[in-house]
Amino acid sequence: MPRATDGPRRARVLVLLDATAARLNDDAAADYVDALATGLDGDLVITCRRSDAEHYRRLAPAAIVESGPRGLRFRAVRMLWRQFALPRIARRHDVDAVHSPWPPVPLLLTRPRVVTVHDLSFYDAGQPVRRRAPLRRLALRAAVRISDEIIVPGRETAVALERATAFPAGEALVLPATDRHDAFVAAHRVAYRSAAALVPAETGPITLPLVDETPLLDGSGPEAAH
């Protein structure tokens with residue numbers, strides 16, 4: 001997948017944050033997106049449902065907030081809109097990267113992708129069989145294969161991701177939750193810059209802040225919102 005950039009082109013990375021599935025059924029997922037919106041603000045283009053537009057404008061007054069059609073409250077409409085409308089928004093605003101706070105990710109992008117994987121419980125053998133589990137597995141595998149950076153809330157999730165998809169645990173970006181909101185935001189900025197190829201190779205490995213605290217993303221199942 002071609003990168004949006006071929007080296008640094010601007011000091012601040014502009015990111016499209018897909019919030020269309022936030023604020024539905026999972027408080028942890030909503031808190032995660034809210035924290036990003038609050039901390040990154042003017043570095044974001046936020047896509048959301050029409051009913052959430054004012055919420056994100058209050059949280060991130062300097063961000064560009066674009067709301068989709070009313071039908072985004074339905075999962076099937078979100079899936080189609082994410083694949084066909086979201087890439088056009090990314091091109092229109094010339095973003096450096098697109099962050100999907102959970103799988104699935106847009107397939108038709110020509111911009112780098114960042115995806116956060118919160119929960120893999122639907123892979124557990126002891127869990128009840130759910131009708132959407134095969135689709136979740138397919139969406140996860142596609143996201144892992146085509147995304148430029150993969151964020152997980154803890155090392156255990158990284159190991160579970162490797163078991164489920166063969167994606168090396170050591171290549172996932174582990175961003176634990178922290179009471180230090182500035183560290184949380186700074187770590188995501190690094191992930192975005194890395195995905196957008198704005199970190200020169202000569203700077204060496206990227207070191208992210210690691211905090212031994214309870215993860216903000218507690219694995220309670222944000223995929224249920226999609």
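**Entry 1: a salt bridge to start with**

With which residue does Arg 180 form a salt bridge? I found that the partner is Asp 182, and the closest N and O atoms of the two are 3.5 Å apart. A reminder to myself before going further: this is a predicted model.

I checked the confidence next. The protein chain has an average pLDDT of 80, and 77% of the residues score at least 70. Among the elements, I noted β2 as the one with the highest mean pLDDT, 97, while helix α5 (residues 133-146) has the lowest, 86.

Over residues 1-8 the pLDDT stays under 50, and the model has 23 contacts beyond four places in sequence for them. Residues 200-225 also stay under 50, with 56 contacts of that kind.

I then went back to the charged pairs, and the structure holds 8 salt bridges. One of them joins Arg 23 to Asp 52, with 3.1 Å between the closest N and O atoms. Arg 23 sits in the loop between β1 and α1 (27-40) and Asp 52 in the loop between β2 and α2 (53-59), so this pair ties together parts that are 29 residues apart in sequence. I looked up the accessibility of both ends: Arg 23 is partly exposed at 38%, whereas Asp 52 is buried at 4%. Arg 49 belongs here as well, as Arg 23, Arg 49 and Asp 52 are linked in a network of salt bridges.

Another pair I wrote down is Arg 92 with Glu 66, whose side chains meet in a salt bridge at 2.7 Å, N to O. Because Arg 92 lies in helix α4 and Glu 66 in strand β3 (residues 64-67), the pair ties together parts 26 residues apart in sequence. Arg 92 is exposed, with a relative accessible area of 53%, but Glu 66 is buried at 18%.

**Entry 2: the nonpolar cores**

Which residues touch the most other members of the largest nonpolar core? My list reads Val 33, Ile 46 and Tyr 56, in a core of 33 residues. The elements giving two or more residues to this core are β1, α1, β2, α2 and α7 (181-195). The largest share comes from α1, with 7 residues.

Among the residues touched by Ile 46 are Leu 17, Ala 37, Tyr 56, Ile 64 and Val 65. Glu 66, the salt-bridge partner of Arg 92, is also touched by Ile 46.

There is a second, separate core too, made of 16 residues and including Val 117, Leu 140, Ala 169 and Ala 172.

Is Thr 116 buried or exposed? I have Thr 116 down as buried, because its relative accessibility is 0%. Thr 116 lies in strand β5 (residues 113-116), and a polar contact of 2.7 Å joins its side chain to that of Tyr 32.

Glu 149 was next, in strand β6 (residues 149-152). Glu 149 is buried as well, with a relative accessible area of 12%, and a 2.5 Å polar contact joins its side chain to that of Ser 194. Beyond its neighbours within four places in sequence, Glu 149 is in contact with Arg 113, Val 114 and Val 115, and also with Leu 173, Ala 191, Ser 194 and Ala 195.

**Entry 3: helix α3**

In helix α3 (residues 75-84), I found Arg 78, Trp 81, Arg 82 and Gln 83 to be buried. What covers the buried residues of α3? My notes say the cover includes β1 (15-18), β2 (44-48) and α4 (86-92).

**Entry 4: Asp 94**

Asp 94 is partly exposed, at 30% relative accessibility. The C-alpha atoms of Asp 94 and Val 15 are separated by 9.2 Å, and the two residues are 79 residues apart along the chain.

Notes
Residues numbered from 1 in each chain as written. Heavy atoms only, no water. Helix = DSSP H or I, 4+ residues; strand = E, 2+ residues; numbered from the N terminus. Buried < 20%, exposed > 50% of the residue type's maximum accessible area, 1.4 Å probe, protein only. Polar contact = N/O pair within 3.5 Å; in protein donor to acceptor, adjacent residues only side chain to side chain. Contact = heavy atoms within 4.5 Å. pLDDT = per-residue confidence, 0-100. Salt bridge = Lys/Arg side-chain N within 4 Å of Asp/Glu carboxyl O. Core = buried A, V, L, I, M, F, W, Y, C linked by side-chain atoms within 4.5 Å.
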